Each structure stands twice: as C-alpha cells, then as structure tokens.
Amino acid sequence: MPSDSTVDSTVKQWKPYRRADDFGTPEHISEVSVALEIDGQTVTVPEGTSVMRAAIEAGVNVPKLCASDSLEPFGSCRLCVVEIEGRKGFPASCTTEVAEGMRVSTQTPAVAKLRRNVMELYISDHPLDCLTCPTNGDCELQDMAGAVGLRDVRYGYDGANHLAAEKDKSNDYFTFDPSKCIVCSRCVRACDEVQGTHALTIDGRGFASMVAASDDVPFFDSECVSCGACVQACPTATLTENSLIELGQPEHYAITTCAYCGVGCSFRAEMKGEQVVRMVPNKDGHANHGHSCVKGRFAFGYATHPDRISAPMIRDSIHEPWRKVDWDEAVTFAAQKIRNVQQQYGPLSVGGITSSRCTNEETYLVQKLVRAAFGNNNVDTCARVCHSPTGYGLKTTLGESAGTQTFDSVLEADVVMVIGANPTDAHPVFASQMKRRLRAGAELIVADPRAIGLVRSPHIEAKHHLQLRPGTNVALVNAMAHVVVTEGLEDQAFIEARCDIEAYETWREFIAQPEHSPEQSESVTGVPAAEVRAAARLYAEAGNAAIYYGLGVTEHSQGSTMVMGIANLAMATGNLGKLGGGVNPLRGQNNVQGACDMGSFPHELPGYRHISDPAVRGEFESRWGVSLLPEPGYRIPNMLDAAVSGEFKALYVQGEDVAQSDPDTQHVTAALEALECLIVQDIFLNETAKYAHVLLPGSTFLEKNGTFTNAERRISPVRKVMQPVAGLEDWEVTCALSNALGYPMEYAHPREIMAEIAALTPTFRGVSYELLDRRGSVQWPCNTEHPEGTEIMHEETFPIGKGHFAPTPFVATDERTTRKYPLLLTTGRILSQYNVGAQTRRTSNINWHDEDRLEIHPEDAELRGIADGQWVGITSRVGETVMRAVVTDGVLPGVVYTTFHHPESGANVVTTENSDWATNCPEYKVTAVQVVPVSQPSDWQQRHASFSDMQEEALASAERVETTAS
Amino acid sequence: MSVSIDKLVRMAEQISANISIDEDTQRRGEKLALHMQKFWDPRMRQNFLEYARSEPGASALSPALAAAAEHLHAENAGT
C-alpha cells in the first residue's frame, strides 16, 4: 500500500517551473579554446562558438528572439547586436564566431537604442493583449520588450498589420495564431533542422511574409507530422499547445521518460498540481536532446480518460458482470484462485506475462512472483512476439542481447543500413537524428519490401532500396556477406584480433558458396544482383557503417538467423566496437530492452543468465529465500497451446494485450476462454481483459516511479507526477498479490527493487537511483569496470571473448503463396498510433488514423476489381477479416500490408501460428492471403462486436452497482 | 498434452533445419537436443521423447530428430 516514503521521494523530484535554459546557438566541440573579453570579463570557449553563446555561458544575457541553441544561428531578428572593438557596425552576436583577443560590448548606448528601435517595429504589428495571451508570463517577446526598455511605439498601431489574421485550429494539439508571429523563422528551422520534415516555410516577402504549412494549407492537412518542434521553438504565442491555452502556465515540472516507443525520450512533465499542462522534451535528455514526436509530446490524454479502470474487480465467470471490490479482496480472490488451480492441476499449471510497457522494477517483480511465489518458470514477456530473436541472435554471435551503440553514434556513421524497420513512423525521434546525419552526407541503404518514408524524403534519398520479397531477409544478407567475402572486402585485422577463427572459417566457407551469390539469390529475393553487390560494397567500404533493424527482421520464421546474419556482416567488416558502426535493434515498445534484461524469459534470470546455471540460481535462491526450478518454463505460445489442451489453467498478465497483439487471435481467445483464472492488470479494459476473472487497475507512467531501458540500453527515470487512479502503482499491486499468495514482498519504493536488481545482476551492479539522479540516465553495463555506464559495447572484447560467426542457412518459411492464397500479407505500424492503440486511440491521435486499412498494389487491386476505399475481405488459412483497401504502389505487386492498431480490424485474426525457429517469435511479416471485395464484416468481426458489447456491459453494470450502493 | 505432438515435431524439424549447416545427422541431432534442453519446458521435451520412443513416432521421425531424441534419452538416463 502507498507509503509515506513514496510520496516524500516524489516531491523531491518536482522543480518549480521555469523555461529551460537556452544558450542561443548550439554547442561547439573543439580542442582549441579561444579567449575573449565580454563586457570586461575574460571568457574562454571552444573555437567555433558564437559570441552570443560565449556571453550567455558567462552569465551575460544578450537579448535574442530568432536564436535558440537547438537551431543553427540565423541572424534575422537583429536584437542580439553587439559592438566589437575594431569592427564596424553592430554585428549580430549569434552569427559572429568568437576570435582570440576579441573585445565585445553587449550593452552600449548605441546598441540599446538600436534594440529598442527593433523592438518598436516588432510591437507596431503585434497585438497588445498580453494579459489575456496564453503565453503571458512565458513569452520571449514580452521578456525582450522588457529587457530593451521599450516604452512607446511611435508608429502607432493603425498602419497595415496582421492583427486580424485568422487562427488555424486544424490540429487538435496546437493552435497557430499568425497575428502573433514575428517571422523569426524558428518554427521553420525547427521543422527543417530538428524534425527534418520540411513542412513549414515562410510564404511571401517583406511585409507579406507569413509562416505557411506545405502549400499554405491548414496544418492538419499539410505534411506536418505534429511533432511539436515548431511549438517548442516559437518565442511568442503564435504556435501554442492547446493544453496550455486551456490551463495556463505550469507551476512545476518533473523530468521523466516517455512511455511510448523504444527511443525512450526524456521529458519535462510540466504540471499544475496533478494535471499535466504539457509534455516538453528535455533538452538534456540523452536519447532525444530536446526533441519528441506527436505521441510523446501530445498523446498523454489517455492517462485521464474516462475509460480508465479505476477500481479492482472480480468475477467467477467471464459471462458474469464485474463486481467492484477493494484491493485486499481482489488480491485475496486472485491468490485463492491461483492456489486452487495449482492444487488441482499441479504447480506448473499457472504462469505470468510481464510487460514491456511497465517499468524495470515492475517487470522484475512479476518474474520474481512467478518464479518464487508460483514456484515455476512459466514467465514470458511480449518481447517474445517482437525481439526475442534479437536476444538469441546477438547472444550467440556477440555474447550480449543488446544493441551495441548509443543513438548519437549515428552522427558518426558514413553509411546507414536500415533493414525491416520504419524509423520515421515507429522511432520518429531517432529517425530525425538519423536524417540529420543523412542530410549531412551519410549514405543510406534500405532493405524493405515497402517504400518506407526514409527511402525518399526531402533532401534524403536511399542510394539503394533493396525491395525484397517478404520472407527472404536471410537470402539477402547472405548475398551481401557473399560479396564481402568473395570480393576481399573483409576487415581481416578485426576478424583475426576479435573473432573466433575456427567459427569464422566455417562460416566463410559456407557463405562463399556460389548459391549465396547475389546472382543466384535474385530469383528468391527479387532484388537485382547488381543492386545487392553495390549495396554490399558501399556497406563494407564506407568506413563507419551502421545497421538499424526492426521487427521486419525478427518477426519471421528465420528471425534469429537474420539477426545472426546481420551480426556476421558487421563482424566481417569490422563495424563493431566503434562509434558510427554497430548492430542496432530498434525496440518497439518503451521497455522491451528492460523487460528482457529483467529476466522475463522463461529460460533466463535477470541479466540473461540461464536458469540451469546452479551458481546463478543459487544467488537468487538465497536472496529470495526459495528454491527455483532449474528448467525453462513455457513461452507465451506454449502457454496458450497448453491452455487450449486443458493443462495450463491460470495466467497473470501485466500490461499486455495478447488477444489483440498476438497472432492467430482465435487460437489466443480460445486459450484465454479455457483458463480457470485470468488476472489482468491494465489501465483499460483491453481485449485480453474481456476474458479476465480479476481486473487489477494499472497505473500510467505519470502515476508511478521506476525506470525504463531504451533501445540503446539507456536506463532512465520514470517519475510520479500524479496519484494512481486506483491508488496503487503497478509494482505495489504485484507486491500485494505476492503477499496474498504467502510469498512476502516488502518494498517501500522502487529504488529498493532496483537495489535488489543491481545486487543480483552483474551488468546492473552500479545502477542506483542516486546515479540516475546525478547523471540523468545511464547505459548498462554499469558496474565496477564501467562505473558511468557503457556507450559503445564490445570495444575491446566481446562478453564471450571472441565474436562468433554463426552459419546462416536460408530455410524458407512454410508459409507460401498458393492458388488459394496468392498474396503475402505483411504488417506494421504508423506514426500516430502505438501498438494495440489502447493509449493512442484514446487521444486526438485518432484524427490521423481512425481505422486500419489494407494497402494493395494497383495491379492486384485491378485484377480483383478493388477500388480505393472499398471494403475487402482478407482470408488466410487461419481466419478472415474485413477492412477498407488503400490502392498504392508503396507495396510491391503480390504484397499487401496493414496495421494492427484497432481491435475490430482483426489483423491478427489472419496471421498464423508460424514462428521463428529458435524463439517462437511469430511470423507476423509473412502470411499468405487472398483479398476479395466484400460487403459486410467477417464472421469473426461480428462475433467480436457482440462479445465486446457484452463485456462493455459487464463493466458498465459494475459501475452502476457502485453508484447505487453509494 | 501441453503442446500438440504435431506442433512439437514441426518445431523440432524447423530447429533442425535452421540450427546447423552440418550434414552429419548425429551432430545435427545433438545440437537440436541441446537447443531443446535450453529452451523447451521439460514437459515438451518429455512428450517429444515419449513420441519418439514409441510407434508410430519412432518410424515417422526424420533421422536428425531421432538422433536428438536419443541424446535427450541418454541425458535423462544420465541424471
């Protein structure tokens, strides 16, 4: 139950609101320092620094409007002018670099007069409604008017002006009020430089200059991706968050970590009491450096959505209404059910699923509960269905189940190869950083069946788009490795020094066989051999070549082989252990890395140590005071199979929605229906919860303390800024359940859980909340050898000593097109929605994507008489669903594509039980289907709709009972 | 039975096909058995073993899977 210490330590993390510091121009790194004098003060800064930055760093505040340290200097507002001894006129301090011995005066009578005159012109065409303006109290223009001492406007206010310009409210999250615009171009530059979308421009010239989105269309209809960088950059109230317009200025903030994708952006949650006024990306955030996407910055409204589950609930059968109970009754009921099941069906008949959306501490506790309190190893996590092949593949080859780099490493890459990932949609903030590097000259290779956004975007074009057929990744990576090996492009020095030579030679002999040549693979992959050869040469000869990959690599029957193929390629070309190179899995959810690290897999204890290792097990046994089974337990698909066959009877699911996200939905729901006890802990009545007997309210990332670990192994703090809706943070719920089961869990705060993790996990030994408070974040391994964490892995050696080349035979999937199912379905996600959509569907992000649709090539559409927007039935050997078609040449002929963000779309009704050979990660990316025009929803959809209605009613009647009783 | 025997055999075949480029059936079977020991719940291994050591399973299994079953059996006997 919530303790006083929880509250105390939270309060300390809250800071009074003030605008983030801004040094005017970006930091310059140089070994050469330059000394100059600013207002009589001697200042030493790195060469290349602007006079403005040198002054601000020295505590001299130069007035500015168009300058911001997240943007390149522009020199348009003329407010930052200074005098420099020996130079003529009044140079802008933002665009003037420091020079040795320079003497700068930032305040002289001439400068003061000039600045006042400049301000006077600005204000002559600016509304004087400061008192009722949304940014009153936090407006740079207002501040500058004060700073320069503007007292009157001699021109009057009656001349031509923009005061009547109309607001653009087309975007639900922010308002564009051009009447307040000073045309400083910060928004345009933020869109170009920070986000890289280039959606904004200054339209017109001189007095007619106006900020315009795309071809001067409303923001919502433009190319704008609603990342909010422009809103953050705006020095006036021209671009303002609607939440701020509604609520007024925040009064305090806390630094926390986004709960969406695996980039793990750091945010300032800017608050008024327990209400979020806005989320502003933290400029000191090590993963995102002050940038964010539409989800992280704007889509937080789900936390206070009326659909939140606000009280624990229980029922004996899923055909009964829910009964609201208190926490004690709920966990006692759940514990009794679990124990009854175990008594009747044996101790191994129950299990648990941890969540990649919950914190490290919460995940750790759930696996501990399963192993220690349930007394078996039937614990798994949703990484099973996304990145489990990364775990297997990287552990086998490199010795550690993690990406090798920091995100910042991409800035040193000469070639970036993106395989089966769609960063601009799924990892947008990292994509912006990558695009910055690509615009600066790095080359790009994309391997993807679809023309993803990166292939061609403003100022970026992939040198090679290897548009392979779904399911042929391994053939492609083998062909690339074949080129490297047979054309003498290997990094022999790296291989000899760093890799196991015997394994290397076996691999080399294998990969050099002619069957792996691009020419012979062409008929399999569909990628022209010359293109593969050119891409392989580019990758191998670049200098620094980095691979980024996603679920298009892992979610295949050969997912693990492909991960090993990628690692082989990186080892063969010496692209490991250095900045700018590496093998980088882009993790789908915020804490996929963390969930895996925390021992969520049935065969591994925290830190990826096998459960059969008696020494490791012994450490946990003595700390936890129980004996542990030495054998792996069931994986999620095994649990579901065993439930269907009647042997597996109870499941505890935290923050995971298998009924929507896992493949072959009808098999999943049959398994859930067969359970005697399903305990779901979640923030909403998700699809899985509709089959539950116990519903334990979850808490959002805003309502709890803990840590998330992002795709670059970065552990970042999650801080509580509001009380959990139902009173308990998720870790407290697990403790309560464990205590009810008779296995005591006593923690006063997640910091104590992290201390236990650190004590038991060598790669986390040095991690503590104190370290996180001091550093902001830390990348594991963090221990005695790496007290401040590890940015780049494998610099000297691999955790297994030598890198291990693994042979990668290409074994085609059994899932093949036939006359009955002639098309290949592949699935993915889009920018505005997140995974099963439970959060983003309950925000205005729904405006961008209110339904899942099926993308189909014009040729395939024409053949079937399918028009754009028409309803089509998609049938595979396991199921059928119906959605609307989008006819596009973004997919290859023979390939169809959809997203899975809406439960009623039933994308996973169609996907099959096929899975990765090593890990059982489902093969979401390849399903043979037929697509035909239809006029009504599928049978499944009709059944789903009526079952969902029944379950919504079961929930609503619990609410009514509550209301009547009180 | 936990996971159906058809599925177990299919999983084993898939592992066997992917885990090695070694043509030698015995060595392939050994790798397969090791993989099953590391990643399969013992109940799944037991079911697979029972199937492999009785008819019609024994005759139906591919040589690598039969070799894996022998390894698993030998391990069981050893412990």
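**Briefing: domains, barrel and partner chain**

The C-alpha centres of domain 2 of chain A and domain 3 of chain A lie 28 Å apart. This is a predicted model, and the predictor gives the complex an ipTM of 0.96 and a pTM of 0.95.

**Domains of chain A**

- Chain A is split into domain 1 (313–385 + 594–779), domain 2 (388–585) and domain 3 (823–946).
- Domain 2 of chain A places 21 residues in contact with 23 residues of domain 3 of chain A.
- On the domain 2 side of this contact, at least two residues each come from α11 (388–397), α12 (423–426), α19 (551–554) and α20 (559–572) of chain A.
- Helix α11(A) has the largest share of that side, with 3 residues.
- Sorted by class, the side of domain 2 of chain A that touches domain 3 of chain A holds 11 polar, 7 nonpolar and 3 charged residues.

**The barrel in chain A**

- In chain A, 6 strands close into a barrel, and their order is β32-β36-β33-β35-β34-β37.
- The pairing in this barrel is mixed.
- From one strand to the next, the twist averages 45°.
- Strand β33 (residues 853–856) of chain A and strand β35 (residues 880–887) of chain A run parallel and are joined by 4 bridges.
- A:I856 has A:V887, in β35(A), as its bridge partner.

**Chain B**

- Chain B contains 5 helices and 0 strands, and its pattern along the sequence is α-α-α-α-α.
- The radius of gyration of chain B is 11 Å, which agrees with a compact globule, because a globule of 79 residues would have a value near 12 Å.
- Taken along the principal axes, the box filled by the C-alpha atoms of chain B is roughly 30 × 25 × 20 Å.
- Chain B has a mean pLDDT of 91, and 97% of its residues reach 70 or more.

**Where the chains meet**

- How many residues of chain A are in contact with chain B? Chain A contributes 20 residues, in contact with 16 residues of chain B.
- Helix α23 (residues 636–644) of chain A gives the most to the chain A side, with 3 residues.
- The chain A side that touches chain B divides into 9 nonpolar, 8 polar and 3 charged residues.
- In general, the size of an interface is often stated as the accessible area lost when the parts come together.

Note on methods
Residues are numbered from 1 along each chain as its sequence is written. Chains are lettered from A and ligands numbered from 1 in the order in which they are written. This is a predicted model: local features need pLDDT of at least 70, side-chain atom pairs count only at pLDDT 80 or more; totals for chains, interfaces and linings use all residues. Domain bounds come from an automatic or database domain assignment. Two residues are in contact if their C-beta atoms, placed from the backbone, lie within 7 Å. Ala, Val, Leu, Ile, Met, Phe, Trp, Tyr, Cys and Pro count as nonpolar, Asp, Glu, Lys and Arg as charged, and the others, Gly among them, as polar. Two strands pair if DSSP finds at least two bridges between them. Axes are lines fitted to C-alpha atoms, for helices over the stretch in contact, and angles run from 0 to 180 degrees between N-to-C directions. pLDDT is the predictor's confidence in each residue, from 0 to 100. The radius of gyration is taken over C-alpha atoms; the globule rule is 2.2 Å times the number of residues to the power 0.38.
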